[in-house]
Amino acid sequence: MTGGAGFVGSHLVEALLERGDDVLVLDDFSTGTRHNLGDVADSPRLRVVEGSIVDELLVNRLMANVDGCFHLAAAVGVNLIVEQPLQSLTTNIRGSEVVLGAAAHFGVKTLVTSTSEIYGKNTSDRLHEDEDRVLGSPLKVRWTYSEAKAIEEALAYTLWSAQGLPTVIARLFNTVGPRQTGHYGMVVPRFVRAALAGDPLTVYGSGEQTRVFCHVADAVAGLLALWDEPRAHGDVFNVGGVGEVSIQTLAERVRTITDSSSPIVSVPYDEAYEPGFEDMQRRVPDTSKLHALTGWAPGRDLDNILRDVMSFQRSTGRS
């Protein structure tokens, strides 16, 4: 697994170990941490290798000794993409080329975790996997992550259609939960951290933009359901939660859950990011395709998510 020390990756590692699989993790620890794997660090069925997905020799050496690959490693988070655009592009495009090339060479089944960023500014009521992509100018750094993940998806699909490599693409929608950090712009842990500290909750833009959040445990269950279903090969699936909420309302819910008196303040996008920054005003997943194939459905609502994030931050001091 690439990116196994990250937020989603570490939860997936635990789930795989729990069901009896041996797991090999490749992570450069640029955003993931060893703390995330602390609960399973002593497992004899876990091996962790520190290294980069752009290291072709290393990736090939490791891929030769596995029978399946979950590819999660990527530069993620709005802040990171905006602050380190060149490094992020290199990681997301070249890294995926290396990983998928090695998988094709050794015939290793691969699940690629993509993103709802693929849909860009498309504000359809419920985004289906066949929806059009609506993006801004390629000169706006904001859209480079979407472009890079689209290339990754195209590569994975082409390896399936042209060479028969078993690949599956999962588009994650705003996955949140314990261990997610707010350091790279992730809104839920950022809000919870501020509320617990009594600091202002900063809402960027109007606050009217809406999202649907998915608990990481539900997302991992969706990934495993796809992994275990041969009919998913060569296809793409949305993995997301239920319950559309505005960012302003999210901030208010966080204050209620944490019993905080923190003020909510608004900051224009131009002050938070580069001039001309663009955001998605709405992003609601249609997960009926995944449900129809596997029976998967999310089981946790927003309040469950917020309570879990709050409990994690209170118990560990990590945010």
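Trainee: Which exposed residues does the face of α11 turned away from its buried side carry?
Mentor: This is a predicted model, in which local features need pLDDT of at least 70, side-chain atom pairs count only at pLDDT 80 or more, and totals for chains, interfaces and linings use all residues. Residues are numbered from 1 along each chain as its sequence is written, and side-chain values use heavy atoms, leaving out hydrogens and water. Buried means under 20% relative accessible area and exposed over 50%, with partly exposed in between (1.4 Å probe, protein chains only). On that face of α11, the exposed residues are Arg-314 and Ser-315.

Trainee: Within what arc do the buried residues of α11 fall, seen down its axis?
Mentor: Helices are DSSP runs of H or I, at least four residues, numbered from the N terminus; strands are runs of E, at least two. Buried in α11 are Leu-302, Ile-305, Leu-306, Val-309, Met-310, Phe-312 and Gln-313. They line one face of the helix, because the directions from the helix axis to the C-beta atoms fall within an arc of 160°.

Trainee: Are the rings of Tyr-119 and Phe-173 stacked, edge-to-face or tilted?
Mentor: Rings of Phe, Tyr and Trp (its six-membered ring) pair if their centres lie within 6.5 Å; planes under 30 degrees apart count as stacked, over 60 as edge-to-face and the rest as tilted. Here the centres are 5.9 Å apart and the planes at 35°, so the pair of Tyr-119 and Phe-173 is tilted.

Trainee: What is the relative accessible area of Tyr-119?
Mentor: Tyr-119 lies in the loop between β4 (109-115) and α5 (144-163). Tyr-119 is buried, and its relative accessible area is 0%.
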